[in-house]
Amino acid sequence: MNPAVYVLGGPDGYRAIADDWGAIGLDLDLLAGPDTMLLLMGRAYAYGHPFSGAGEDDDDVQAGVLVDPERKVLLFFALEGPSVDMRTRRATLALLRAAWPGWDVRWAYGGRTGLRAYAGLDPADDPDRDKRVWESDLSEMGAVALSVRDPDVTVVTRADRCHLVCYGFDHPVMYGPALLDWLAAATDHGAYHELAVAGLHVDTERRRVGWWLTSHQIHHDTAAARWPGWTVEFWEDRWAEHRTASGRFDPTEPDDAAALTDVRDAALRHWTPIRYDQDGLPCLAGLDQRGPVSRQGPAARAAVEEAYRSATGG
């Protein structure tokens, strides 16, 4: 499954619906713009429940969106897709802001817990807020994984070392200073010049930590408390901060013009009807588990094209 949560604000507060298969392509869904998405998300009020998230397994929620029509805020996160891929992230966010003109489009770095915080829910209500991380969740990125295109690499650097790490749930920053013992036995790659999805720089001399990611980390606001006596800075998705701090992570800057075209084309394919025989009705690629919404395809594709023209000045 690829679970997602959809939260819609209204006169009675925030209500949510869950979708076991909604995480794949959520960012492409949103490129259809507010008219289409508000229409499709309207069932959050018809069939949803008051949004809380307390006591639910936030680790399992791979993507989510909160739409606040009154304040015109779009807050979302994803685990995979063009909005997470370093090569296409800036382009995707640029297209989304063009597709939602007049809206404040934000990334929820805290994942579902970020949506809860926006909705005014108390973080202390979540029993997992101060949970311990699993050391077994960390592993080194092997040569086979590095050979694939756009591997999910997390770059961890120190003054004299560079480690390539992968993780399933918790960013390495969430391990606190205990991470240093784990890194002592990890392979030193010297430097890394390719794309990544997350990073961490540890300055042991000044006891400073900087970290970033293009995905999300639940309870990311607890990272600083996990490094007592250290200064911890969250760089959001600004990998350039890591490059400046370390000198050992120097990726090639993405081609934003090419990325804009690639994301537009992916969104157009996503919103193109295909035949799906579950109910005998034509459904949309990426939305076939969410009912017969193919009639929204033409409007969605028009919104994608308009967003591309706006973002490129064409």
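In what order do the six strands of the open sheet that includes E7 stand? In this predicted model, local features need pLDDT of at least 70 and side-chain atom pairs count only at pLDDT 80 or more, while totals for chains, interfaces and linings use all residues. Residues are numbered from 1 along each chain as its sequence is written, and side-chain values use heavy atoms, leaving out hydrogens and water.

The order is E7-E9-E8-E10-E11-E12, with mixed pairing. Strands here are DSSP runs (E, at least two residues), as are helices (H or I, at least four), numbered from the N terminus; two strands pair if DSSP finds at least two bridges between them. Strands E7 (138–140) and E12 (231–234) stand at the edges, each with a single partner strand, so one side of each has no neighbour in the sheet. Within this sheet, E8 (residues 154–158) and E10 (residues 198–203) are parallel and share four bridges, and Val155 has Gly199 of E10 as its bridge partner.

Strands E4 (residues 63–68) and E5 (residues 73–77) run antiparallel, joined by five bridges, with Val67 opposite Leu74 in E5.

Turning to contacts (heavy atoms within 4.5 Å), Leu31 touches Leu95, Leu96, Ala99, Val263, Ala267, Ala303 and Val304, leaving aside neighbours within four places in sequence.
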